[in-house]
Amino acid sequence: MSIIQSGAGDYFGAQESLMLSLKFLDGEKEKDFACLSSDYNELGLNSINLKRYELALIYYDKALFYYNKGIKLSKNTGFNLTILNNKALAYQKAKKYAQALKIYNELIPEKSKNQEEYARVLSNIAKTKWLQNSGYNAAPDFLKALSIRETENDLWGLNASYSHLMEYYQQTQPDSALRYAGKMYQVAKKLNSPDDKIEALQKLIELVPPNQIKQYFATYRKLDDSLQTARNAAKNQFALVRYEAEKNKADNLILQKDNVEKNYQIIKQRILLAFTVLLILMGSVISSIWYKKRKQRLELEAQNTIRENKLKTSKKVHDVVANGLYRVMAEIENQDGLNKDHILDKLEVMYEKSRDISYEEPQLADQNFQEKISDLLQSFATETTKVVVYMGNTAELWTKVSGDVKYELEHVLQELMVNMSKHSEANNVAVRFEHTDNHINVYYADNGIGISEGTQFNNGLTNTGNRMNNIQGEIIFDIKAEKGLKIKISFPVS
């Protein structure tokens, strides 16, 4: 519809039809790209045609905008070249000659394969250069393009060539311009192109001798009147088509509405039934899932409780029995004179503690804790290993420390000393205590083989970290010491 309207001179109607066409197309769907690129090309041409009647550069800017969109969407190489040629024409009409020539020069190699297209681009380049520089000799290229078009019998091309030559010779060789204007008029009549006939007649009126003006002017006026009448008629040629389309659309909408109402009632009933069934099924499924989850959760809680009890028991056996036995063994090994009663007392204490493993750990007595710690550390001294406890281990230091913290600290120090005795090969061990701010710090150092980076701690040393976490403290192993091992234990005073 748009192409027909444009051909009849109804450019605004053509533009309206193109805009309507765009509503039915999707720029994201590749199947619509060809039609979209065609629409944008036509919109560009309409914008150039409208410029004839509206003196505003905005129409050329619109044309360039539409051509760019058309090129972006077009997948047809030949059609791309057509759009580019039209884009260059828009630049030429807007007097942006450099941009127009850049496009035309890019098109020349492609067009040389097609004589008609080559002639068109060649003629357009010549005209653009002449418009850019009035002294430019465009005649050779104009005439070359004309020769090609005559050989190819390209009537539309001939029409354009005669127009270009008519304009080119109008000021310098009026007789030549008159001859080409006459030829253009004859070709335009063959093509039945009202706009081109009007253009040729205007030039003839300007160029013919005075005694012939009246003849051409009468033809011009008659043609112009009939053209205006045809254009006015063309504006409404698709009114009936649009009316029928809108009427059918309205009737279809009414039928669709009735069908939708009926379908709605049916669907509503089905949805209610389906929802009821779904609700029952969901209730059954949720109840089943909840029951299984609850059963799994109770089983998992029971397993975790058993596991925690086992870990707790294992930890107590390690701290009370294993480390205790190792301590007694160390004392027996390093005492010259074996004190039977002393050993039996220690074993009896261990026996009582082992019996209490399954019960709550008894609170440690606060009295003489500094002596207990000192005895613990000194019990690991041997003939080859000297243990020194100096500075800070006083009764005042432990007065504000709770029994739980003392219990944990005792087993941490015992674990460190056991590991020292087993693995360090140290012959000097030093332990220092200090009270700073609201924390108690314990510093351990030996001159043994130390701990290398990447060493995986066994359960005993791992437990020391857990114990310190229990009392909001920390234990830091300095594994980068030059020799031996340094450890810092720090915890808040409760």
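The legends below describe close-up views of a predicted model. Local features need pLDDT of at least 70, side-chain atom pairs count only at pLDDT 80 or more, and totals for chains, interfaces and linings use all residues. Residues are numbered from 1 along each chain as its sequence is written, and side-chain values use heavy atoms, with hydrogens and water left out.

View A. Ile267, Ile271, Phe275 and Leu279 make a nonpolar surface patch of about 410 Å² (nonpolar side chains joined within 5 Å, from residues with over 30% relative accessible area and no salt bridge; Shrake-Rupley areas, 1.4 Å probe; a salt bridge puts a side-chain nitrogen of Lys or Arg within 4 Å of a carboxyl oxygen of Asp or Glu). Ile267 belongs to helix H13, residues 239-334 (helices are DSSP runs of H or I with at least four residues, strands runs of E with at least two, numbered from the N terminus). Ile267 counts as partly exposed because its relative accessibility is 44% (buried is under 20%, exposed over 50%, partly exposed in between).

**View B. Packing of helices H10 and H11.** The axes of H10 (residues 174-191) and H11 (residues 194-207) lie 8 Å apart at an angle of about 150 degrees (lines fitted to C-alpha atoms over the stretch in contact, with angles from 0 to 180 degrees between N-to-C directions). H10 is therefore roughly antiparallel to H11 (angles over 145 degrees).

**View C. Asn192 in the loop between H10 and H11.** Asn192 sits in this loop and, although not a glycine, has a positive phi of about 55 degrees. At 55% relative accessibility, Asn192 is exposed.

**View D. Gln472 in the loop between H17 and S4.** The loop with Gln472 runs between helix H17 (459-470) and strand S4 (474-478). Gln472, a residue other than glycine, has a positive phi near 55 degrees. Its relative accessible area is 62%, so Gln472 is exposed.

Technical notes:
Patch = residues over 30% accessible without salt bridge, like charges linked within 9 Å, V, L, I, M, F, W, Y side chains within 5 Å. Buried < 20%, exposed > 50% of the residue type's maximum accessible area, 1.4 Å probe, protein only. Parallel < 35°, antiparallel > 145°, perpendicular 65-115°, else oblique.
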